[in-house]
Amino acid sequence: MATLEGVRVAVKDLFDVADMVTGAGNPTLAAGPPATRDAAVVAALRAAGAQVVAKVATDELAMGMFGVNSHYGTPANPAAPDRVPGGSSSGSASAVAAGDADLGLGTDTGGSIRVPASFCGLVGLRPTHGRISLEGVRPMAPGFDTVGLLAADVSGVADAFDTLIGPAAVPAPGSAAVPASAPITEPAAGPREVTDLVLLTDLVDRAEPAVAERTRECARAWADQLGLGLREAGLAAGEALVEIFWPLMSRQLWESNGAWVETENPVLGEGIAERIAAAGLTGDGEVAAAEQARAELRSRLAELLDGAIAVLPTTIDVAPLRTSTHADLMAFRDRNLALIVPASLCGAPQLTLPVGQDRGAPFGVSLLGLPDDDELLLATAGGVL
C-alpha cells in the first residue's frame, strides 16, 4: 500500500468527517449535527498519513454538472477563471487546481469527478463501482455512486486508489452504504491482456471540433507509444444512452432523497425540488425497460473491449462561461451526458487525462475500461503521460 504521508486532501461535503457537519451543499443539512466519525475512505487516507485540509463545496445534494450552487455560489476554476469548475465535486477540483490540496476526494454518479477534472485540467478517476467503500458518504443514487479521485498527475490518483482499495475500505455487500442490489465486484487476479485501443467514434463526433480532433490525435499517439493497434467503433446512439441512464438514476435519486424532502420540507435551490419530484414519477415499466437496455449495453461494451481499452472525449467542450444562463448550462449537460453515462451504466472505470486546451481553457480525454480495469487504466496512462 502506498504511503500518503503529508498529502493534503480536500474532502467533498458528502463525506463524513468527524466533528464536522455533512451539509451536501444544502442549508438544511448544514444546520444538522456533526458527524461522529470519519467516512471509511477519510479514515483510510488519514491512516496512510494524509491530512484533511478542508471540507469543500459540492453542487446541492450532488445534483449538478457545473459547480453552481444556489445557496453558496460557484467555486473558482483556477485553470480558467472565467469559466465554471464543473460539478458536483467542484470544491475538490478547485482546491487541487489551485494547489491548495494534493488530492481531491469526491464522488461520481453521472460524471461528478470526470467533468470537473476535464474543466480544471486534472487527472480524475471514476473507479469500478463498488471497489471503494461508500460507508459514511451521503447517497445520491447508490447503484451508480462511486468514490472518485482528483490529482494533478496520474501517480497522485494511483497512490490514493491503492490506499482506498485496502481491506479497511471494502464495504460489505448489503450494508447501509451499498445495498445488496449494487453490483459489488471482486478485483481481477491481474490486468487483462490489451492489444488495441478503440476510438469511440460516435461519442467523438458529439464533441466540439477542437476536442474531437485532439481525442483522435491522442488515440493515435497513445497507440503508437504503447505499441498497440488502433481501431474505430461506435458504442451506441448518445440519445439512447441517456434514455437508459435517466430512469435508473432518477428512481434511485427518489429512493435516496424523496422521503427526506416530503417529511423535512428542506430549503432547496433552483431546480432541485422539481428534479426530485420528477424522479418520484419514474414508472416501474421505465425502470424495467432501462435495466434490460443496460444489460445489452454492458454486453456490447464487453464485446467491444475484448482485448482493448476505449478512448473518448471526457466532455464535449471546455467549461462553460460563468456568465452562462441556466438554459445554456442545461443544454450543455444534455449534450454531454452521452459521454459520461457509459461508465456509470456499466459500473466501469473511466480515467480522464488533461491533454488539451481551447480558448485558453483545458479539457480532458478519457480511457474507459471494463469493470476491474482500474489498475490497467492507471498503468496505461502512466505509459503515455
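Mentor: Leucine 61 sits in the loop between E2 and H3. Helices (H or I, at least four residues) and strands (E, at least two) are DSSP runs, numbered from the N terminus. The model is a predicted one, in which local features need pLDDT of at least 70 and side-chain atom pairs count only at pLDDT 80 or more, while totals for chains, interfaces and linings use all residues. Residues are numbered from 1 along each chain as its sequence is written, and side-chain values use heavy atoms, with hydrogens and water left out.

The backbone at leucine 61 has a positive phi of about 55°, although this residue is not a glycine. Leucine 61 counts as buried because its relative accessibility is 3%; buried means under 20% relative accessible area, exposed over 50%, and partly exposed in between, with a 1.4 Å probe and protein chains only. Serine 88 is likewise placed in the loop between strand E2 (51-56) and helix H3 (90-97). The peptide bond that leads from glycine 87 to serine 88 is cis, with omega near 5°.

Another positive phi in a residue other than glycine is found at asparagine 265, where the value is near 45°. Asparagine 265 lies in the loop between H8 and H9. With 66% relative accessibility, asparagine 265 counts as exposed.

Leucine 61 leads on to the core. It is one of the residues with the most contacts inside the largest nonpolar core, which has 111 residues; Phe15, Leu105 and Trp222 are also among them. H11 gives the most to this core, with 10 residues. A nonpolar core is a set of buried Ala, Val, Leu, Ile, Met, Phe, Trp, Tyr and Cys residues joined through side-chain atoms within 4.5 Å. In soluble globular proteins, nonpolar side chains tend to be buried together.

Leaving out residues up to four places away in sequence, phenylalanine 15 touches residues including Val41, Val42, Leu105, Val137 and Val147; contact means heavy atoms within 4.5 Å.

Grid points are joined across faces, edges and corners, and a volume is the space filled by probe spheres set on the points.

The largest pocket has a volume of about 370 Å³. Its lining has 17 residues, and the closest to its centre are Met63, Val68, Glu270, His326 and Met330. Helix H9 (272-279) and H11 each supply at least two of the lining residues, and H11 gives the most, with 4. By class the lining has 7 nonpolar, 5 polar and 5 charged residues; here Ala, Val, Leu, Ile, Met, Phe, Trp, Tyr, Cys and Pro count as nonpolar, Asp, Glu, Lys and Arg as charged, and the others, Gly among them, as polar.

There are 2 cavities of 30 Å³ or more. The largest holds about 190 Å³ of space, and of its 17 lining residues the closest to its centre are Gly64, Met65, Gly110, Met140 and Arg275. Helix H8 (238-264) and helix H11 (326-346) each supply at least two residues of this lining, with the largest share, 3 residues, coming from H8. The lining of the largest cavity divides into 9 nonpolar, 6 polar and 2 charged residues.

The second largest cavity has a volume of about 80 Å³. Its lining has 12 residues, of which Val137, Arg138, Pro139, Met140 and Asp145 are the closest to its centre.

Last, the confidence. The mean pLDDT of the protein is 93, and 93% of its residues reach 70 or more; pLDDT is the predictor's confidence in each residue, from 0 to 100. Over residues 167-187 pLDDT stays under 50, and the model has 32 contacts beyond four places in sequence for them. Where pLDDT is low, the predicted coordinates should not be read in detail.

Definitions and conventions:
1 Å grid on protein atoms, 1.4 Å probe; cavity = no way out; pocket = protein on both sides within 12 Å on 5 of 7 lines; lining within 4 Å.
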